[in-house]
Amino acid sequence: MVSLIPTPPLTVPPIFLGACQLATVDLGPLASFTPKKGQESALQAYLATLDLACPPPNHAQSNSTQSVLWAGAAQWFFQGPLPEKLMQFAYVSDQSDGWATLSLSGATAPNVLARLYPLDLREKVFGVGQLARAPLMHMASLLHRTKPREFTLYVFRSMAQTAWHEVKTAMIHVAARGRDGV
Amino acid sequence: MRLDHLGAIDRSMPVNFEFDGVAYSGFAGDTLASALLANGVKLTGRSFKYHRPRGIFTIGSAEPNAMITLIEGAQRTPNLRASMIEIYEGIRAFSQNNWPSLRHDVMAINDVFSPFLGAGFYYKTFMWPRKFWENIYEPVIRRAAGLGSLATEPDQSVSEKAFAHCDLLVIGGGPAGLLAARTAARAGLDVILADEDTTLGGRLLYEQEEIDDAPASLWLQKLLIELRALPNVRLMTRTTVTGLYDGGTFSALERVSLHMQPAGDLPRECFWRIVAKHAILAAGALERPIAFANNDRPGIMLANAVRGYVNRFGVVPGLKVSIFANNDDARRTARDLMAAGVNVVAILDSRADAPSAENCPVYLKVEILNTEGRHGLTHLRFRHAAGEAYLATDCLGLSGGWNPSLHLACHMNGRPAWNDAIAAFVPSVDMVAGLTTAGAAAGVFSTLGAMRSGQDAALAALISLKVKAPAKSKLRLPDADDATYRITPLWAQKSDTRAWVDLANDVTTKDIDLAVQEGFISVEHMKRYTTQGMAPDQGKSANVLALAYLADTSGREIAQTGTTTFRPPFAPQSIGAMGAGGQKKGFAPERFLTSHAASVSLGAPMIEAGLWYRPSYFPQKGETTWRETCDREVGLVRSAVGVCDVSTLGKIDIQGQDAARFLDFIYTNTMSTLPEGRVRYGIMLREDGHVLDDGTTAHLGPNHYLMTTTTSAASQVMRHLDFVHQAYCADWDLSTISVTENWAQFAIAGPKARALIESLSGQPINLSFMGFVNLQLSEIVARVFRISFSGEESYELAVPARYGASLWHKLIVLAKTYEGGPYGMEALNVLRIEKGLLTHAEMHGRVTAFDLGLSSKMSSKKDFIGRAAAGRAGLLGPGREELVGLIAPVGHTISAGAHLYPTDKAPVRENDQGYVTSACYSPTLGRYLALAFLRDGREKQGQEIRLVDHLRDLDVLCQVENPVFYDNTGERLRG
């Protein structure tokens, strides 16, 4: 009987540059889901029992171990251990292996992201718990602000190396400006 | 010449530089222009067409004459303006457009032939004799034309691109912009203040001004301290806002490390895209000249530049300075210079009623007759109210008035309005939604006026953004100059010799006269016929003068004549900055398979297909050509077992009660009858009836399907499904999402494929052709599809991508035990051609199902996307180019891209019958095969056709056959 060894999307040590840190992060199981027609309120009721909900566009909703991330038209990502009854109310598709997740944090993280995403990332516009489906350079991506100075970046697994390289290059350029790194 | 006591340069930091190979020195804070003038260098270039000696004309970014090539290490950049280059230790600057030297330029002969080189001369010459064009005229013109030359090595510099968002963008950091920014910042708005200079201040850096009874610099420093301390203010110096676009979006070019000592990882430039809810254009104004005889000599400069070099850099551009103007503002030049101890020999005023009491001679009603001094001004000859005079002067400060810098406000194709009071164009009201103009850019020229204007613009912006204005105490304006702007328009003075309008492109009043004479009286025609305004300076100091002269000459009002179209960029923008990060591998993301590292370590050369890197072939020891390896790999698959990573094919997860119905709508054939555990091949069309893609769809479970697509069409098909779902099936019970990345998938093909899989999983597998089953591999649920792209018994095994690398390794090892091994893209292609299977080489976007011989797959029982359009006359029936197979005689090579001709006609375009889409050497059949489209091909099977590749010199008689060359009955497939 065969035994297969898992490999993460990217194996690189974290980078510290200027006032910023980039690291790979494993957020565990990930699945997409779309509510079954007519089951939308039942779904919301079920999620409420877990202290969760289907958030509106550009938002995430979390409890202590799981998160629901808005991911598109009638589509959400469920992050964390998948609740058994979800499949009753929604069509679920595993995404655990399809994405690479990076964590960018630090005082100059928004300046670094300004080189990568065409988004208004001022905290009053894009605050903690908000997210966007937006391109990281030319790559389909999800950007989630998890803390005031911490962001999670999702890219396709196959593009993890390119994403790492682009973020690192932006960090280098921001760090080179010193002080505020504008 | 350098003055000791004036200027904001740092005299404690001398800087050594070179110009045209000669060593000079200046100070930190100097531009190349100020440093050259300080060293008495007046000659800085040769004019574009006539190669006339030219000097520095302006101070700032509108310079038309002093175009410089800069060499910094390996970097060579032409067409830089000397007034914008900040000098630093060791830079080497070169003049342009001269040979062999600036002082002795052979091409100055053009000046002698100027009567033959007027506007549009090239439309009337170089036509005879015809054959001279290609061999003589064109090469000579090519060598003579152009400005500056490029390096031949690739650009090594690194720039970056970035986005910025704010509530208010203030363009220009002079008095108007500073007050606008201050007002908005005090109200709490997020403000970006951008200025193209190295420091903020605008005119305050160039003029002797007092604010609140103290030198303006004190007031400026205090304000900058306040602005720098505010967290909601971003000050961007060395940043030119270059374009205004829809939705409050602006482009800007920031010189980060450009023209500075090289500094580690700092990018050279940053190309910004700034989005602002509101913007204030406070870009100031540019002075304009007057046209008169020989008004282009080195030493003739704009009046504000003469005093600017004195005030800001402590540099005197001449020892006997004169002024010629039609307005009061130019008098400041005389007064500032005299206060600095410079010899001002005369003020020449074109007006009869101008003030005449100054501390130097003043002449009124002046008409300049001529100038002298080829390599530098020496004399003026002029007529005045009381006679004629001949004046010795080596520097003339020239002013015909000021033009508000309203370019950005016109970038959305708006036109400015003519204002008679200031004899200038001003922005029209509401030219651009969300943009206000303030200060000199709006025609408000005094310093106090500009400040008030800037503050008012900010207050208006606050109202439109519904934000409370700061308290009245925070809105007090300081005391500042509020002089009235007095001007009497003057565009040109009559002259038989040439009088320059556009210095950069050598356009004179004679050229505009000629344009009018020949009927090119529209300002857009005059521009293109004379090339006025088409130089790198975009006519900043010439456009208004030219159109005013055109108006006069053609008997119209200026307002009637109008301006040409303003287009971004406002100033030259390097392509390297706009394309930052996009060179070489940065051009597109790289996509890597889970088996990538292993393939590379096996020595497989990688090719790029739809951004993915895929192994081409796996060379073994002793194999010397790719063909050898490819032939072996084909044999491997046909006789033993081959393993190939096919993860790149698109995989789309489709669920829902309406999933089957949706598939019936997308595919031409019926999917809803497909039982669970089965796979079906299907084709899908675009709305216009042409084939979009083909693939297989598997019925995985209740209301659950998995669609596959071609690698390069994966995102296209996903977009197509999204569109159809949202536009046509919005209320269906349906969920679709890409899972291409989630699964690593491997083809295991050949007579020993089944044995290999059973070996891997430790259990028997009994799956019929086009079947699907879940397979337990330890704790992992894998998916097995019995489908084939090779024509052999073949399975595709999919596991979650995290196990891909590990599985690939195991498959390779196992395959060896069956005398098999990995195979790459070359072999994959040969195998599928032998079976007549299609890729996007055949489904290239212009073929229909009919062309492919797949009409039987078009269900007549249901509607589907593209059904109606596919039935249009002309898309089916006789005359269509139909898919056929071609077999070449043994020993002959045929190629993709070759065209097909009847055997009895000449192989020319008129006799073209079709073309080859895919070709390969088939080791299985021992000859070349091809797939092609041939007019009425299906009825020509068994006949001969002539295949000609004109590029590769191939001419072969081929046999037209059924495209399935190998195992026509499919025995090996279904075994």
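**Exercise 1. Count the residue pairs in polar contact between domain 1 of chain A and domain 2 of chain A, then describe the side of domain 1 that takes part.**

*Solution.* Start with the count: 4 residue pairs, both partners at pLDDT 80 or more, are in polar contact between domain 1 of chain A and domain 2 of chain A. A polar contact here is a pair of N or O atoms within 3.5 Å; within protein, one must be able to donate a hydrogen and the other to accept it, and residues adjacent in sequence count only if both atoms are side-chain atoms.

Next, the elements. Strand S9 (131-133) and strand S10 (141-147) of chain A each give at least two residues to the side of domain 1 of chain A that touches domain 2 of chain A. S9(A) gives the most, with 3 residues. Strands are DSSP runs (E, at least two residues), as are helices (H or I, at least four), and both are numbered from the N terminus.

Then sort that side by class: 6 nonpolar, 3 polar and 2 charged residues. Ala, Val, Leu, Ile, Met, Phe, Trp, Tyr, Cys and Pro count as nonpolar, Asp, Glu, Lys and Arg as charged, and the others, Gly among them, as polar.

A word on the ground rules: this is a predicted model, where local features need pLDDT of at least 70, side-chain atom pairs count only at pLDDT 80 or more, and totals for chains, interfaces and linings use all residues. Residues are numbered from 1 along each chain as its sequence is written, chains are lettered from A and ligands numbered from 1 in the order in which they are written, and side-chain values use heavy atoms, with hydrogens and water left out.

**Exercise 2. Work out where the two domains of chain A sit and what they bury between them.**

*Solution.* First, the bounds: domain 1 is 15-27 + 97-176 and domain 2 is 30-94, from an automatic or database domain assignment. Their C-alpha centres lie 24 Å apart.

Now the contacts (heavy atoms within 4.5 Å): 11 residues of domain 1 of chain A meet 12 residues of domain 2 of chain A. Together the domains bury about 960 Å², 58% of it on carbon and sulfur atoms. Buried area is the accessible area (1.4 Å probe) that two parts lose on being put together, summed over both. A:Leu131, A:Arg133 and A:Tyr154 supply 46% of the area that domain 1 of chain A buries against domain 2 of chain A, more than any other three residues.

**Exercise 3. How many salt bridges are there between chain A and chain B?**

*Solution.* Apply the rule: a side-chain nitrogen of Lys or Arg within 4 Å of a carboxyl oxygen of Asp or Glu. That gives 8 salt bridges between chain A and chain B, whereas the count between the two domains of chain A is 0. One pair to look up is B:Glu254 with A:Arg177, whose closest N and O atoms are 2.9 Å apart.

**Exercise 4. Is B:Ser61 buried or exposed?**

*Solution.* Find the residue in the loop between strand S4 (53-54) and strand S5 (67-72) of chain B. B:Ser61 is buried, because its relative accessible area is 10%; buried means under 20%, exposed over 50%, partly exposed in between (1.4 Å probe, protein chains only). Its side chain makes a polar contact with the side chain of B:Glu196 (2.8 Å).
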